[in-house]
Amino acid sequence: MQRFSGGLLVVLLIGTFPASAQSTTELEKGKQLFLGMCSRCHGVEGGGGEGPNLNRPVLSHAPDDQALAAVIRDGIPDRGMPKVRRFTDAELHAMVIYIRSLSQNTAAAITGDREKGKAIYQRSGCSSCHIINGEGGSLGPELTSIGAHRAPDYLRVAIVDPAAALPRGVMAFPGHGFNEFLPVRVVARDGREVRGVRVNEDSFTIQVRDAGNQLHSFRKSDLQTLEKQIGQSLMPEYKSKIAGSDLNDLVAYLSSLGGAK
């Protein structure tokens, strides 16, 4: 009987398992690692949160698998992504496989026409609260690169039920743990009342932007009421106004902004 060296025998044994079985095992391993260490920032299915949307074919900081492995291993300190822990090569490989699989969700979720969606965005008055490429209002989140931050399913929910998909991780500067674009009602001791979204807050002051895009700053000691409307959104819901193919078209347009093409 022919004898094999230990290393060669391992290689031959591995080769007896179908490649699909190996990749399925790695995919599941990568998913578990992702859920445990990445989902808080990137979302359970990679759709975006404090971290960017991973449901897209090309990732800004990881154009290829080698770059993606480096990002997972080392983080991106200047962009707020920490180095989580030391990964083995097998763990890195499994996470790369899983994260790349998330891009398949994009094609399935985008079924609309971008150009029609752009027209729907313009006629629905969205630009009165949102900026795209320097044009529009600033009451709501900027949408110039929203496709890179949010997956199509998230955008769909944000349009029809805004309070269920409150903005998070989209501001250009750290939010110091505060909910972003939180609706507030402020009443000063002189009776002046302002409703809008919180722009910034510290222990002694709060800054609020109203629906007219005016910025107001208050010392908390001068207020008789400071009502933070947690779980609410100033954005109107469009469930009854944008539906069916129109909703699909609008989602396709927003997804194309810095994201899927």
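Okay, hi everyone. Some housekeeping: this is a predicted model, where local features need pLDDT of at least 70, side-chain atom pairs count only at pLDDT 80 or more, and totals for chains, interfaces and linings use all residues. Residues are numbered from 1 along each chain as its sequence is written, and side-chain values use heavy atoms, with hydrogens and water left out.

So, the overview. The protein has 10 helices and seven strands. Those are DSSP runs, numbered from the N terminus: H or I with at least four residues for helices, E with at least two for strands. Of the 261 residues, 38% count as buried. Buried is under 20% relative accessible area, exposed is over 50%, and partly exposed is in between, with a 1.4 Å probe and protein chains only.

Let's look at the sheet. In what order do the five strands of the open sheet come? The order is β6-β5-β4-β3-β7, with antiparallel pairing. Two strands pair if DSSP finds at least two bridges between them. At the edges you'll find β6 (215–219) and β7 (223–228), each with a single partner strand, so one side of each has no neighbour in the sheet. From one strand to the next, the twist averages 40°; the axes here are lines fitted to C-alpha atoms, for helices over the stretch in contact, and angles run from 0 to 180 degrees between N-to-C directions.

Now walk across it. Strand β3 (residues 183–188) pairs with β4 (residues 193–201) over five bridges. The hairpin of these two has four residues between the strands, and G191 there takes a positive phi near 95°. Next, β4 and β5 also pair over five bridges, and three residues join them in a hairpin. E201 stands opposite I206 in β5. Then β5 (residues 205–210) pairs with β6 over five bridges, where Q207 has S217 as its bridge partner.

Let me zoom in on V197, in strand β4. Is V197 buried or exposed? Buried, because its relative accessibility is 4%. P183 stands opposite V197. Leaving out residues up to four places away in sequence, V197 touches L139, F181, L182, P183, V184, Q207, V208, R209 and L234. Contact, by the way, means heavy atoms within 4.5 Å.

On to the helices. Two packed helices are described by the angle between their axes and the distance between the axes. Helix α7 (residues 114–123) and helix α10 (residues 244–255) have axes that come within 7 Å and cross at roughly 100°. That makes α7 roughly perpendicular to α10; under 35 degrees counts as roughly parallel, over 145 as roughly antiparallel, 65 to 115 as roughly perpendicular and the rest as oblique. The contact residues include I120 and Y121 of α7, and L250 and L254 of α10.

Last topic: the cores. A nonpolar core is a set of buried Ala, Val, Leu, Ile, Met, Phe, Trp, Tyr and Cys residues joined through side-chain atoms within 4.5 Å. The largest has 17 residues, and Y121, L143, I159, L250, L254 and L257 touch the most other members. Which helix gives the most to this core? It's α10, with five residues. Helices α7, α9 (152–160) and α10 each supply at least two. A second, separate core of 16 residues includes C38, L59, I72 and L102.

That's my tour, thanks!
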